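Subject: Structure handover

Hello,

Here is the structure I promised to pass on. Please open it first, then read the notes below.

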Amino acid sequence: MIEEIGRTTEGDLIINIGPQHPATHGVLHLVITLNGETIKKVEPHLGYIHRSIEKMCESLSYRQFIYVTSRMDYLSSHINNHGCALCVEKGLQIEVPLRAQFIRVLMDELTRIASHELWWGAMAMDLGAFTPFFHAFRERETITDIMEKTCGARLTMNYIVPGGVMAELHPDFQKDVKRFIQLYKSKFEEYNELVTGNVIFQNRMKSVGVLSKKDAISYGCTGPVGRASGVFCDIRKLYPYDIYNKIEFEEITETEGDSFARYLVRLKEMQQSIRIIEQLLDNIPEGDFQAKTKAVLKLPKGEFYQRVETARGELGVYIVSEGGTTPYRIKFRSPGFSNLSALEHMVKGLKIGDLVAAMGSLDLVIPDIDR
Amino acid sequence: MFSLENITRFIHEWLNGHFNPTFALFMEFGLVGVAAITLFAFLGLSLVWMERKVAAVMQIRIGPNRVGPKGIFQTTADTLKLLMKEGLVPDGADKFLFNLAPFIVMIVAMLILAPIAFAKNIQIWDINIGVLYLSAVSSLSVIGILMAGWASNNKYSLLGAMRSGAQIVSYELSAGLSVLSIVVMTGSLSIKDIILSQQNGWWIFKAHIPALISFIIFIIAVTAETNRAPFDMAEAESELTAGFHTEYSGMRFALFFLAEYINIFIVCAIGATLFFGGWMPLHIGNWQAFNHIMNYIPSSIWFFGKTIGLIFLIMWFRWTFPRLRIDQLLNLEWKYLLPISMFNLLLMTVVAIMGWHF
């Protein structure tokens with residue numbers, strides 16, 4: 001295989017993008033076949049950061065395995081934990097206190113904003129603009145500070161546990177979040193001025209990496225990638241969990257399906273997340289933050305599935321239980337894997353620069369793809 | 001006054017008074033050489049520092065602040081580090097061309113320095129076809145870049161060099177045409193004459209809107225010619241890791257890096273000379289008193305002030321704009337800039353013939 005790379009019968013140029021490459025944001029390895037600058041073929045090679053998380057989970061108890069899942073899609077670790085906790089609760093039929101549900105959703109949406117902020121900076125950086133990255137991190141830092149105060153961690157939170165959340169909110173939580181919302185709203189216009197409205201940026205993004213609605217469905221694209229192609233795939237709307245069915249927010253969709261549509265979907269989603277947070281923040285009910293559960297959790301024999309909407313799309317948690325203290329088999333349906341599979345379809349016949357733009361707009365997190 | 005002009009005149013007179021004229025001339029050659037190399041190193045280091053600080057301001061951070069006051073010795077430290085590093089030559093590389101390429105880029109940058117007037121009466125070589133010389137020599141640097149890309153035997157480098165070749169050759173045209181429009185106004189190719197023709201006002205003010213258009217085209221074209229963002233297709237780190245200098249390390253890389261900044265300085269100096277009167281102070285028509293006050297500021301300060309202003313503009317571009325795609329880049333040149341600058345040249349000629357400028 002290695003000998004073959006670099007040589008084709010037609011005399012095309014074969015280039016390895018990755019596993020160490022600035023555009024792949026991790027250890028993704030793309031073998032691309034080029035004709036001059038035009039892309040003929042894109043072949044993702046996976047497995048560079050495979051940690052066998054699913055296999056590891058089989059030897060961990062139902063309380064323990066959630067911590068490992070923070071390391072899958074590390075940018076939306078809260079939501080990963082949330083999905084796993086919901087799945088276990090479904091099996092045990094635990095009633096989660098309302099306060100815990102509020103806290104979970106608040107944390108989910110804060111995570112979503114933080115993830116989209118980072119993506120926004122990285123997207124601009126993929127296109128060669130460095131400054132937006134720092135501007136994005138200015139706001140994102142406030143969120144990680146909020147997380148740090150309540151959860152004690154800034155990236156892999158492990159805060160959501162079966163039955164509720166790990167600990168009570170920090171007393172400053174509401175004040176801090178309000179300050180963040182104020183900061184975010186004052187800076188949001190800057191995002192549009194610096195990046196969205198830029199002619200070069202729009203030229204690089206518009207009609208690049210087009211994914212039609214039909215293709216988006218057949219590749220299983222979810223999250224902002226699917227919604228930018230006009231697929232209504234927001235799990236928060238389709239299969240509401242916790243208190244999402246009581247909250248008012250819009251499901252953002254675009255019809256163009258190009259990189260710019262994906263960009264716009266994420267930008268608007270951030271504002272919807274702000275809207276959700278504003279609705280919940282002042283109405284957090286009093287009560288327990290965690291339901292009373294047994295010390296050792298044992299799921300009844302059977303199969304359990306729960307899906308949640310992470311920042312990147314639909315995360316499915318599938319647990320097969322034999323009735324013991326550890327799961328018999330766990331499978332995660334990660335959004336990044338399906339989104340990556342559409343990449344070749346999107347960029348065939350375009351230039352190398354477009355590959356980077358399209359890949360950036362997919363918002364790939366490699367540990368999520370490999371697990 | 002301690003203006004550069006007086007210092008050089010003093011040195012010249014002292015040398016001629018103490019030695020015979022031929023020997024004095026050779027000594028002046030030596031002095032100029034040393035001065036040029038010193039200026040080269042100084043400019044490279046200080047511009048890298050300036051870029052870092054400008055980037056820091058744009059990106060709401062502090063920038064280098066550890067080595068020396070305000071981090072001014074940071075780039076010196078970095079250069080020393082690069083000097084001590086191993087200059088790796090890849091196995092499959094063409095060793096001779098690989099080693100030669102950074103020097104070609106550097107030598108070309110040094111050659112362009114010759115006809116630039118740094119202050120009143122300070123010019124290394126007052127060649128009568130100065131502007132022609134500048135555009136001829138500045139297009140040589142693409143040879144060094146192509147050489148680096150080809151000799152590295154790396155696909156990224158090759159793609160970067162290919163892009164760079166297409167880019168520099170195309171943007172050379174617009175840059176040349178916008179330079180030509182000022183030549184049309186002045187009626188001379190000599191840098192000295194061009195500066196002297198701006199005695200009663202800079203061309204950017206005197207020649208109305210055509211001069212402004214050609215200045216804008218000039219700035220865009222030279223940004224592309226020096227491979228700076230938003231036209232840094234040759235490097236494009238998110239696409240080609242580091243483009244044509246992917247395989248370079250140690251001091252060879254530093255030579256590319258320094259040459260880039262020298263080139264920025266040179267193109268900005270040319271821009272300042274053509275459009276902003278070089279070392280010529282800001283003069284407004286017949287305002288004798290105002291012009292007199294302006295003359296008190298040394299000419300070297302005027303020159304470096306204008307140049308640094310333009311350099312800041314180019315750095316500002318880099319830290320604001322995303323990168324163009326290669327086909328958009330060539331479209332911009334061939335479909336927009338070139339027709340506009342051709343038409344603008346015509347317009348400028350009409351303005352010059354009819355004497356509509358001030």
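**The core**

Of the 197 residues in the largest nonpolar core, A:Leu355, B:Val105 and B:Phe265 touch the most other members. Helix H12 of chain B, residues 250-276, supplies the largest share of this core, with 18 residues. A:Leu355 touches A:Ile32, A:Ile39, A:Val42, A:Val347 and A:Leu350, leaving aside residues up to four places away in sequence.

Chain A averages a pLDDT of 86, and 97% of its residues score at least 70. Among the elements of chain A, S1(A) has the lowest mean pLDDT, 82. S7(A) has the highest, 90.

Chain B averages a pLDDT of 83, with 98% of its residues scoring at least 70. In chain B, confidence is lowest in helix H11 (residues 237-240), at a mean of 74. Confidence there is highest in helix H14 (residues 299-318), at 87. Where pLDDT is low, the predicted coordinates should not be read in detail.

**The two chains**

Chain A first. Chain A holds 15 helices and 8 strands. Its C-alpha atoms fill a box of roughly 65 × 50 × 35 Å along the principal axes. A compact globule of 371 residues would have a radius of gyration near 21 Å, and chain A agrees, with 21 Å. Of those 371 residues, 50% count as buried. Take the contacts in chain A between residues at least 6 apart in sequence: 69% of them join residues at least 24 apart.

Now chain B. Chain B has 15 helices and 2 strands. The box filled by its C-alpha atoms is roughly 65 × 55 × 45 Å, again along the principal axes. For 358 residues, a compact globule would have a radius of gyration near 21 Å; the value for chain B is 21 Å, which agrees. Of the 358 residues, 44% count as buried. Among its contacts between residues at least 6 apart in sequence, 79% join residues at least 24 apart.

**Where they meet**

**Strands in chain A**

Look next at strands S6 (residues 302-309) and S7 (residues 314-321) of chain A. They run antiparallel and are joined by 8 bridges. A:Gly302 has A:Ser321 in S7(A) as its bridge partner. The hairpin of S6(A) and S7(A) has 4 residues between the strands, and A:Gly313 in this hairpin takes a positive phi near 145 degrees.

S7(A) also pairs with strand S8 (residues 329-333) of chain A, in the antiparallel sense, over 5 bridges. Here the bridge partner of A:Gly316 is A:Arg333 in S8(A).

A:Asn35 sits in strand S2 (residues 29-35) of chain A. Is A:Asn35 buried or partly exposed? It counts as partly exposed, because it has 13 C-beta neighbours inside 10 Å. A:Asn35 touches A:Asp12 and A:Lys40, not counting residues up to four places away in sequence. The C-alpha atoms of A:Asn35 and A:Leu13 are separated by 6.3 Å, though the two residues are 22 apart along the chain.

The other two have a backbone feature to check. Most residues other than glycine have a negative phi. A:Asp242 has a positive phi near 45 degrees. Its place is in the loop between helix H10 (235-238) and helix H11 (259-281) of chain A. A:Asp242 has 21 C-beta neighbours inside 10 Å, so it counts as buried.

A:Asp363 also has a positive phi, near 55 degrees. Find A:Asp363 in the loop between H14 and helix H15 (366-370) of chain A. With 28 C-beta neighbours inside 10 Å, A:Asp363 counts as buried.

Best wishes

Key: Residues numbered from 1 in each chain as written. Chains lettered and ligands numbered in written order. Predicted model: local features only at pLDDT ≥ 70, side-chain atom pairs only at ≥ 80, totals over all residues. Core = buried A, V, L, I, M, F, W, Y, C linked by C-beta atoms within 7 Å. Buried ≥ 20, exposed ≤ 12 C-beta atoms within 10 Å, placed from the backbone. Contact = placed C-beta atoms within 7 Å. pLDDT = per-residue confidence, 0-100. Rg over C-alpha atoms; globule rule 2.2 N^0.38 Å. Pairing = 2+ DSSP bridges.
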